[in-house]
Amino acid sequence: MLLIQSTSCGHCKRFSIFWNELSSLVEAMNWSSVIHVMKIDVTKNDIPHDKINAWDLPSVYYFPAGEKKNPIEMTPVTRKDGNPQSDYDEGLSWVRSGYDLVKWMVNQGKLDLEFLSKLDSTSNSNEKIVEE
């Protein structure tokens, strides 16, 4: 998961709270060996991928395993009024916690939930699971 942000952007600062929560959740669930939570500041770095649009900030992209060339962009929820400006203004404001980010990632259908469940069950033990 990649957050595209600017440290001077107010919306980005607000979203960073949820992004940090996502990072903590991934770590707590023992998923960090499979899910990498990263962020990049577009004011200091070039965009590392030609399919990433850095015009709307913050932007979130999910790079599923084996599909790094085709990231999935987290898009705004379309409002019932159908006004594209409303969608832009709202951006990712539907995200209220790190749990919303996990739910969105799961809903993309690209995660091996059984494997993640095994990782989570070993988070309180010293067992190691190796993906086959």
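Reply: Happy to! Let's start at the very first residue. Leaving out residues up to four places away in sequence, M1 touches W19, L22, H36, V37, M38, V60, Y61, Y62, W104 and M105; a contact here means heavy atoms within 4.5 Å.

Before going on, a word on what you are looking at. This is a predicted model, in which local features need pLDDT of at least 70 and side-chain atom pairs count only at pLDDT 80 or more, while totals for chains, interfaces and linings use all residues. Residues are numbered from 1 along each chain as its sequence is written, and side-chain values use heavy atoms, with hydrogens and water left out.

Now back to M1 and its surroundings. The largest nonpolar core has 24 residues, and those that touch the most other members are M1, F15, W19, L22, V60, L101 and M105. A nonpolar core is a set of buried Ala, Val, Leu, Ile, Met, Phe, Trp, Tyr and Cys residues joined through side-chain atoms within 4.5 Å. Buried means under 20% relative accessible area, exposed over 50%, and partly exposed in between, with a 1.4 Å probe and protein chains only. Two or more residues of this core come from each of helix 1 (10–28), strand 3, strand 4, helix 3 (98–107) and helix 4 (113–121). The most, six residues, come from helix 1. Helices (H or I, at least four residues) and strands (E, at least two) are DSSP runs, numbered from the N terminus. Apart from this core lies another, of six residues, including L2, I4, I40 and F63.

What does strand 3 pair with? One partner is strand 1 (residues 2–5), which pairs with strand 3 in the antiparallel sense over three bridges, and there I4 stands opposite S59. Strand 4 (residues 72–74) also runs antiparallel to strand 3, joined to it by three bridges, with V60 opposite M74. For two strands to count as paired, DSSP must find at least two bridges between them.

Two of M1's contacts, Y62 and W104, also meet each other. The whole structure has three aromatic pairs. Y62 and W104 form an edge-to-face pair, 6.3 Å centre to centre with 75° between the planes. Because Y62 lies in strand 3 and W104 in helix 3, the pair ties together parts that are 42 residues apart in sequence. Y62 counts as buried at 5% relative accessibility, and W104 is buried too, with a relative accessible area of 11%. Rings of Phe, Tyr and Trp (its six-membered ring) pair if their centres lie within 6.5 Å; planes under 30 degrees apart count as stacked, over 60 as edge-to-face and the rest as tilted. Elsewhere, F15, F18 and W19 form one aromatic cluster.

Finally, step back to the whole chain. From the N terminus on, its elements run β-α-β-β-β-α-α-α, giving four helices and four strands. The chain has 132 residues, and 36% of them count as buried. Among contacts between residues at least 6 apart in sequence, 58% join residues at least 24 apart.
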